[in-house]
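Let's take a look at how the parts of this protein sit against each other. Here is the model to keep open while you read.

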Amino acid sequence: MYAHYHQNSILEKLQINKHNPGVYDPCESWSSDPSAISIISVNPATEENLASVTCANLECCKQVIENARLSAESWRSVPAPARGNIVRRIGELLRKNKDALGSLISLEAGKTKQESDGEVQEMIDMADFAVGQSRMLYGKTMHSERINHRMYEQWLPLGVVAIITAFNFPVAVWAWNAFIAAITGNCVIWRPSPKTPLCAIAVQKLCHQAMQETGYHGIFSLLIEKGSAVAEQLTCDGRVALVSFTGSSHVGQRVGATVAARMGRSILELSGNNALIIDQTANLDLAIPAVVFGAIGTTGQRCTTTRRLFLHTSLYDEVLGRLQKTYRQISIGNPLDHQVLMGPLIDAWARKTYLAAIASVKTAGGSFAVEGGALEGPGYFVSPSIAISENHWPLVQTETFGPLLHLMRFDHLTQAIEMQNSVPQGLSSALFTNNLVNAELFLSAQGSDCGIANINIGTSGAEIGGAFGGEKATGGGREAGSDTWQSYMRRQTNTINWGNDLPLAQGLSFNVPN
Ligand code: UN1
């Protein structure tokens with residue numbers, strides 16, 4: 001009874017109704033076709049329906065793209081610092097709604113309240129970053145080789161940016177992309193995961209308010225769909241200059257190929273298969289909590305989740321014992337309960353995949369230091385597992401989105417690095433050590449081949465200030481901080497002749513008869 005009251009007040013605070021339109025058009029605001037099919041958002045902790053959402057169809061997607069294209073024609077001329085104002089306003093609204101939005105993420109995605117609030121904080125940080133960046137879209141000035149010439153480069157908006165996001169970070173990954181895309185002068189179309197439509201609607205409502213208050217429209221729009229027709233249209237439509245896609249390597253490969261075939265741009269943030277190495281000098285009081293947070297945080301459903309653990313032989317038994325003890329005490333349950341460390345998986349399919357992975361460990365001849373499994377419902381709850389595995393097994397080479405950690409041992413760091421890098425993916429990596437030489441080796445060209453490499457920090461929980469993304473099958477894209485803003489703009493090199501002659505580059509002489 002109390003739980004329901006609580007749930008309704010969260011939805012109410014964010015203006016989520018029993019039935020919600022799932023399309024926000026740049027011109028027409030919220031639109032809903034009563035004949036459109038709808039999806040029902042389910043709370044993964046209770047399997048109860050939260051609310052329903054009417055979906056976009058292909059026609060409506062094409063119209064939204066056209067309207068965004070038209071809006072981008074005016075937005076590009078708004079000075080970048082003024083573009084920053086709208087993101088500042090969204091940041092303020094996120095601050096005001098942090099608690100409610102965090103709770104909604106817990107309700108819909110099953111993440112613990114701590115982590116969900118952290119996700120909203122990640123959006124707020126990203127908004128602050130983007131506002132500052134709006135005054136720093138710097139280009140370089142070069143010295144021309146020609147007399148009385150000036151040469152520089154400038155950065156200009158692309159036009160329309162599509163952002164396709166996953167359920168596990170239902171709002172933060174959108175913010176990484178959308179805030180930077182907006183301050184760089186683009187209009188944004190968001191196609192969220194159909195598993196977390198309410199989070200997207202709640203955020204879009206804040207965007208709507210910020211657009212109205214600042215007097216702009218068409219900067220942010222939203223297309224919720226049931227299948228993949230809208231996502232495919234965004235991918236193949238020539239009016240969409242950049243597609244930022246977060247999801248599996250399998251789907252990302254298709255997205256990348258389709259966008260490349262039409263000479264569009266893509267940012268791909270795909271599967272990870274992240275390893276954490278503990279060497280013989282490591283401080284285990286740091287390493288063990290980092291492993292546990294990395295492996296079971298977000299119920300193992302982060303792209304940065306720690307999936308493989310390489311232990312130096314000398315401390316293998318000690319670490320294993322400590323992990324077993326900690327795993328026994330993990331509280332699993334209602335993600336809105338502050339004591340809980342692990343919520344449910346997102347849905348029945350995710351639970352089935354996790355159980356299949358446990359079975360595969362056994363088929364491959366592995367054993368378990370901690371054997372997890374499904375917990376009694378309602379809710380898609382599981383208990384976490386630590387398997388004793390081998391790196392080359394097909395199961396270990398792929399990403400299983402669940403709390404399954406593969407444990408392996410090593411004698412020399414070079415061996416561990418070699419194993420760590422011997423997977424198709426290359427997102428995040430970590431070494432726990434107090435040995436300077438080992439740390440430097442890990443970070444050197446002979447070290448980790450990942451986009452993120454940490455010392456004495458786990459594989460997950462990156463800050464927004466750095467560029468986020470990975471190599472190889474992770475897709476090569478970079479999002480969030482650092483200089484990633486450049487991916488949302490086109491670079492133009494300008495050379496200006498302010499003299500009275502027309503000297504040619506490379507000293508050519510070309511005497512045109514007159
Ligand atoms: C993801 O799982 O798609 O580094 C993103 C982290 C978070 C982002 C994860 N800041 O774990």
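## Before you start

This is a predicted model, so to speak of local features a pLDDT of at least 70 is needed, side-chain atom pairs count only at pLDDT 80 or more, and totals for chains, interfaces and linings use all residues. Residues are numbered from 1 along each chain as its sequence is written, and side-chain values use heavy atoms, with hydrogens and water left out.

## Where they touch

On the domain 1 side, 27 residues are in contact with 22 residues of domain 2; contact here means heavy atoms within 4.5 Å. The area buried between domain 1 and domain 2 comes to about 1,900 Å², with carbon and sulfur atoms giving 64% of it. That figure is the accessible area (1.4 Å probe) that two parts lose on being put together, summed over both. In domain 1, Thr112, Glu115 and Phe167 lose the most area to domain 2, together 25% of what that side buries.

There are also two salt bridges between domain 1 and domain 2, a salt bridge being a side-chain nitrogen of Lys or Arg within 4 Å of a carboxyl oxygen of Asp or Glu. Six residue pairs are in polar contact between domain 1 and domain 2 (both at pLDDT 80 or more). For a polar contact, a pair of N or O atoms must lie within 3.5 Å; within protein, one must be able to donate a hydrogen and the other to accept it, and residues adjacent in sequence count only if both atoms are side-chain atoms.

## A buried asparagine

Asparagine 177 is found in helix 6 (residues 172-183); helices here are DSSP runs (H or I, at least four residues), numbered from the N terminus. Asparagine 177 is buried, at a relative accessible area of 0%, where buried means under 20% (1.4 Å probe, protein chains only).

Which side chains make polar contacts with the side chain of asparagine 177? One is glutamate 479, at 3.2 Å, and another is tyrosine 488, at 2.6 Å. Leaving aside residues up to four places away in sequence, asparagine 177 touches Ile163, Ser244, Ile267, Glu479 and Tyr488.

Key:
Helix = DSSP H or I, 4+ residues; strand = E, 2+ residues; numbered from the N terminus. Buried < 20%, exposed > 50% of the residue type's maximum accessible area, 1.4 Å probe, protein only.
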